[in-house]
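I opened a notebook for this chain. I wanted to look up how its helices cross and which side chains pair up.

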Amino acid sequence: MKRTRWAFAALAAGSALAVGSGVAPSAAATKQSAASADAGLTRFQHQSVAWHGCQRGPDDHDGQTLDEAGAQCADITVPLDYRHPDRRTITVAISRLRATDTAGRIGPLVINLGGPGNPVLASIVLARQAMGATGARFDLIGMDVRFTGRSTPLDCGWPSGWLSRSAGVDRRGFDRMTRLVRDLAGRCGRRQAAVLPYASTANTARDMDVVRAALGEPRVSFLGYSQGSYLGAIYTQLFPRRADRMVLDSAIDPTRPGTRILRENGTQREAALRDWADWAAQRDDQYHLGRTVADVMATVNRTYHAAARRPLRVGRYSVDDTLVAALLIDPLTDDTDEANAELATTVQTLAQAAAGHAVTPSDALDRSLAGLLTGADSPAHSAQTAILCGDAAVSRDPEWYWRDIQAHRAAAPLFGPQARTITPCAFWPNEPAEAPVRIHNDRPALVVNAAGDVNSTLEMGQAMHRALSGSRMITLQGVRTHGVYLFQGAACVDDAVNAYLNTGTPPAHDIGCPRPS
């Protein structure tokens, strides 16, 4: 299938927690859990859904795309606090493309593109095109998760971002990062304290079940990428009998929710950078980064340390050592020639700036810098952080992070301080309102991962596979990418996922798929 580009955000980092008891819930416990979850929710589950057009104005291109495709949009009312559903409510925005194969209709399929919190309403149009006959059998549902996109959006008024930034070369970089995230957390406390305790993936799963009920559906299917895989896993745990066909692509380790999910990713990213360095060395006549892997890596290292000594001037931006790793991660996520070339251009620009030359960032680099150094993405970054901080508690001692970074710096000098850096959650205005949902059940599901993924590593996907004991796993070999089904043109993967979505029966055994030619 032709590769389709959707929108992914780099995963933020997450925390290691103990897995569940190892015992799947009994039928009686499941029934009791469902009854408890439904307590006080009747008015939400039976609300009338008022469908309307999706475009909100002449500049709303996503809404225009949805309307032109024949989609409908609606706002579903849900409780702010599921422990007190009789109090304040919020709305969750959804979009819907009805099944066109009405005779073979299966039911609703909710799509989530991770983040957490990537707006997803318009993605159903591309999904319908990419899924072909399989997608035609589902009502495709986009749901902006609470506090993101059109779903009662949250904005802390951040002047810059923190996601993917690093603790840098030395203590000075760590201290700058600590001051930054302390300030960002304080801004959220001053502006959004009333709603922050209710931002979590568990509450998003509860919202998804209200959407299911409001649509009059007994069960719901789910296609979730990246952090979206955690949402799907929680749904199977909280609502096991309402979960239909569950596809969890580029899955994270469900025993490590929150902001430290990538704490172990530094070494994988360093290895991926060396792989890219081999590609760049073969094109030294074009990029001038070095003729060998060692030479290219030395160029990156010199640039990183130069930024620590004095920030690099890149167009209108000032780039210090806390930013260098962040600017490399997105293109490093993929191993296509296009992504490799983007990474080479970024390194070339930074290296020239380190040498004192005036440089102009590429469009891609300019967008990355704007996201990191301006408030342009404040609503998205605020909501994403609120969800991550709400998913699991973290250490609130800055020195804990510094000691941890130092202990692991030698193993991953560039990406270790990025993976293990301090985050706003260390200073968040509130602790998580509830303990993380422990994932362990036998509901059927399909876990899909690329063997070389440097965000959701293969080990993370395998951990999800173990937690969902009724699942099967598809591994795409020989590929460094984040997002597999419908993204890689891998017929082996796409055919297996489509077969599961069509029948509801997972493959008889785990599947290894070769790299697409």
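I call a crossing left-handed if the near helix is turned anticlockwise from the far one by less than a right angle, and right-handed if clockwise. Helices (H or I, at least four residues) and strands (E, at least two) are DSSP runs, numbered from the N terminus. I keep in mind that this is a predicted model: local features need pLDDT of at least 70, side-chain atom pairs count only at pLDDT 80 or more, and totals for chains, interfaces and linings use all residues. Residues are numbered from 1 along each chain as its sequence is written, and side-chain values use heavy atoms, with hydrogens and water left out.

**Entry: H10 and its partners**

I began with H10 and H12. Their crossing is left-handed. The axes come within 9 Å and cross at roughly 55°. Axes here are lines fitted to C-alpha atoms, for helices over the stretch in contact, and angles run from 0 to 180 degrees between N-to-C directions. That angle makes H10 oblique to H12. The cut-offs are: under 35 degrees roughly parallel, over 145 roughly antiparallel, 65 to 115 roughly perpendicular, the rest oblique.

Which residues of H10 and H12 make the contact? I found Thr299, Val300, Thr303 and Ala306 on H10, and Val347, Leu350, Ala351 and Ala354 on H12. Contact means heavy atoms within 4.5 Å. By class, I noted six nonpolar, two polar and no charged residues for H10 with H12. In this scheme Ala, Val, Leu, Ile, Met, Phe, Trp, Tyr, Cys and Pro are nonpolar, Asp, Glu, Lys and Arg are charged, and the others, Gly among them, are polar.

Next I took H10 (residues 293-309) with H11. Their axes come within 7 Å and cross at roughly 145°. H10 brings Val300, Tyr304, Ala307 and Ala308 to this contact, while H11 brings Asp321, Val324 and Leu328. I listed six nonpolar residues, no polar ones and one charged one in the contact of H10 with H11.

**Entry: H6 against H7**

I moved to H6 (residues 201-214) and H7 (residues 227-238). Their axes come within 9 Å and cross at roughly 65°. That makes H6 roughly perpendicular to H7. The crossing is right-handed. On the H6 side I saw Thr201, Ala202, Thr204, Ala205, Arg206, Met208, Asp209 and Arg212; they meet Tyr230, Leu231, Ile234, Tyr235 and Leu238 of H7. The contact of H6 with H7 holds eight nonpolar, two polar and three charged residues.

**Entry: salt bridges**

Side chains of opposite charge can pair when their charged atoms come close. I counted a salt bridge when a side-chain nitrogen of Lys or Arg is within 4 Å of a carboxyl oxygen of Asp or Glu. How many did that rule give? The count comes to 25 salt bridges.

I looked at Arg206 of H6 again. It forms a salt bridge with Glu434, with the closest N and O atoms 2.8 Å apart. Glu434 lies in the loop between H16 (416-419) and S9 (445-450), so the pair ties together parts that are 228 residues apart in sequence. Arg206 is buried at 18% relative accessible area, and Glu434 is partly exposed at 31%. Buried means under 20% relative accessible area, exposed over 50%, and partly exposed in between (1.4 Å probe, protein chains only).

Arg150 and Asp60 form a salt bridge too, at 2.5 Å from N to O. Arg150 sits in the loop between S4 (138-143) and H5 (171-192), and Asp60 in the loop between H2 (42-45) and H3 (61-68), 90 residues apart. Is Arg150 buried or exposed? Arg150 is buried, at 16%. Asp60 is buried as well, at 15%.

Asp175 is partly exposed at 26%, and Arg171 is partly exposed at 29%. I also marked a network of salt bridges that links Asp38, Asp209, Arg212 and Arg242.

**Entry: buried spots**

Thr178 is in H5 and is buried at 8% relative accessibility. Leaving aside neighbours within four places in sequence, I found Thr178 in contact with Pro398, Ile422 and Phe427.

Ser123 lies in H4 (residues 123-135). Ser123 is buried, at 9%.
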